[in-house]
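Thanks, everyone, for making the time. I would like to walk through one model this morning, so please have the sequence and the coordinates open as I go.

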Amino acid sequence: MQPMRRRHRGFPLLCLSAALLVAAAILPGTAVAEGVTPSEARRLRDEVKDMFYHAFDGYMKYAFPLDELRPLSCQGEDSLGGYALTLIDSLDTLALLGDKEKFGAAVEWVGKNVRFDINKTVSVFETNIRILGGLLSAHLIASDYATGMRVQSYDDQLLHLAADLAQRLLPAFDTPTGIPFGSVNLKYGVDENESKITSTAGGGTLTLEFGILSRLTNNTVFERVTKNSVRGIWSRRSKLNLVGAHINVFTGEWTQKDAGIGTSIDSFYEYLLKAYLLFGDEEYLYIFQEAYKAAMHYLYHDPWYVEVNMNSGATVWPLFNSLQAFWPGLQVLAGDVDPAIRTHAAFFSVWKKYGFTPEGFNLATSTVQNGQRSYPLRPELIESTYWLFKATRDYRYIDIGRDILTSLQYGARCPCGYCHISDVETHKQDDHMESFFLAETVRISTADVAASFSFADMMLVKYLWLLFDLAAGPDNIVENGPYKYIFSTEGHLLPVTPEIALVDEHCSYFGAFCNGGADHGYGTSASSTHQKANYTQFNDIQASSSLYSVSNMFTTRGYLKGVCPGLTHAQKLGMSYSDEESNVIEQTSESHEHHSESAVESRVEAQSSNIILISHPVASQHDEVLESKSGSGDHADIAVTADSDSMSHDNAGGSLGANTEEPTEDTTPTSKQTDEEIAPNFQSKEDIS
């Protein structure tokens, strides 16, 4: 079975340095969110650390080296491949917490004992995000002195394991569409009876891990097959630029045509943006901006999201499902923070009502959806809380973190770890603990649940710890380390290093961007003006505690392609940002048949919140390969207005009655507000009970 995974119109798209800046603007010194003292933040952070070790030590004592722990009965089980899945999924969390001893011992054990030459059929999606991602993240930390976690005895064992594992997953990609089968046998390849139906998330959530592996091994096949999979999905989008939930990997026919941002689709959107941020590949940016614009037009009914028919745009499923909660965090990375704030407040109102978020909440009836009453320790909501706090420094997100922490401690803690909640209304515990509780925010299908409910701690704990550590005055490799990090959908740390991000000399250099001017062969847009410096120092930027606004963003027409010639080695690594570098970098744009040469110019704007953003050129042209598959010859430019009040959109099929007022100064729902917040005037579908 396939994974169920975890975003209007125009919005600012950011170059790598700017997008990471929005997510990572750190207040200097001991400055913390209003109402939260450093000592209180440290106490909360330490409590979360204790949560991690309660669950991790329970796994190591009662389940290791099996895949997962049953935290209520204190027993272990194999669920995915029988290769200590929870340990591999937890490696970078140990590094994040600065536990050199346990991290080094775990890396050494995995390198010596884990093998993938086994007769085991595994999920391509789950194996990629949990095992391959875990191995690569740990390798990049353990092999680098700059991280402070270098393992002295380490000799690339995890990288060799990752390459072997990915090689065993490659047979799944041997399909007419390029979209992989959902499962593959690690020893014998794809079974002749394997289902030809896969989910959009299953085929579109592979690019980060496979792309990194290609760049570390100089074997392009891994990156190539995953990009082909994304192209295979996107080329079969509807005329509305929407994708469905399930597709036949042989015929390309959509077998489930419901479009949404949650179940079976979610991380498809996520990996489009993150692949651009990590690799600087403008093809992913182009697809993301088109997909995002369509999602915000057809799926967004402020502040909620619904599922619609991908061809007509008609609402078919007015449901909040817990996997949607990652979306506000993705919007922060994209720079579209205002709608993220409103949606996050609505999603949290569901948590406040029940103490947890159910898998499904019916917006038409304002009740828990039948058959979707559980809370499998999903971390999506705290993930978005963390990103919103980084962007806004608003104290309400620390309060939300405290509420979530309290719910987990009093409702989910059990003898050997943290238990899955089988019913959010009764808070009955079940004997399962997902690895993503410790490692990330994972999104899995109903069919996968029974097979993998013993891991849920890692990522939920990771984001909670990062949230409170940020308020306390951050002291970890993500906030203070040598690199910026992209988080995979499993919450694994993927560093933006030159080895990974700059291989193809894209214009998304860490800390730098390319400018073009009319006097250098470029035509300039009326909405774009040249700044005095081509490189800007971002390290000392401060963010105010007021709500972040993107109202003053600008954009340009055209589409930036090619390389940034003329940069020194130091500039490419983000080490030099002096005024003497203010010369305009000449750049030759790639010619396309039937298209004249176009030019673009980036602009730096200082926002009222003192966060500097770089508006990225919006695509008006694209790679010939994608154009040939697009299904329509023209793609409209995304228009970003300079007024946040005008960032509205028409809802397909008319208004659904959701509250569209601007958020008040305090958008955190109170108990009195909760029922109103979560009860828009949706009409029930006949089969929604």
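This is a predicted model: local features need pLDDT of at least 70, side-chain atom pairs count only at pLDDT 80 or more; totals for chains, interfaces and linings use all residues.

Residues are numbered from 1 along each chain as its sequence is written, and side-chain values use heavy atoms, with hydrogens and water left out.

Glu359 sits in the loop between α13 (337–354) and β14 (360–362); helices (H or I, at least four residues) and strands (E, at least two) are DSSP runs, numbered from the N terminus. Leaving aside residues up to four places away in sequence, Glu359 touches Phe320, Asn321, Ser322, Gln372, Ser374, Pro376 and Arg378, contact being heavy atoms within 4.5 Å. With Ser322 there is also a side-chain to side-chain polar contact at 2.6 Å, a polar contact being a pair of N or O atoms within 3.5 Å, where within protein one must be able to donate a hydrogen and the other to accept it, and residues adjacent in sequence count only if both atoms are side-chain atoms.

Which residues does UniProt list for "active site"? The unreviewed entry gives Glu126, Asp266, Glu359 and Glu380, with the caution that such annotations may be inferred rather than shown by experiment. Of these, Asp266 belongs to helix α10 (residues 266–279), and it counts as buried because its relative accessibility is 0%.

Turning to the backbone, Ser264, in the loop between β8 (258–259) and α10, has a phi near 75 degrees, a positive value in a residue other than glycine, and with a relative accessible area of 1% Ser264 is buried. Asp156 likewise has a positive phi, near 65 degrees, but is partly exposed, at 28%. There is a cis peptide bond between Phe64 and Pro65, with omega about 10 degrees, and a cis peptide bond also joins Asp302 and Pro303, again with omega about 10 degrees.

Finally, helix α11 (residues 282–298) reaches 24 Å from its first C-alpha to its last, and 17 of its 17 residues are buried. At its start, a side-chain oxygen of Asp281 comes to within 3.0 Å of the backbone nitrogen of Glu283.

How values were computed: The expected span of a helix is 1.5 Å times one less than its number of residues. Buried means under 20% relative accessible area, exposed over 50%, partly exposed in between (1.4 Å probe, protein chains only).
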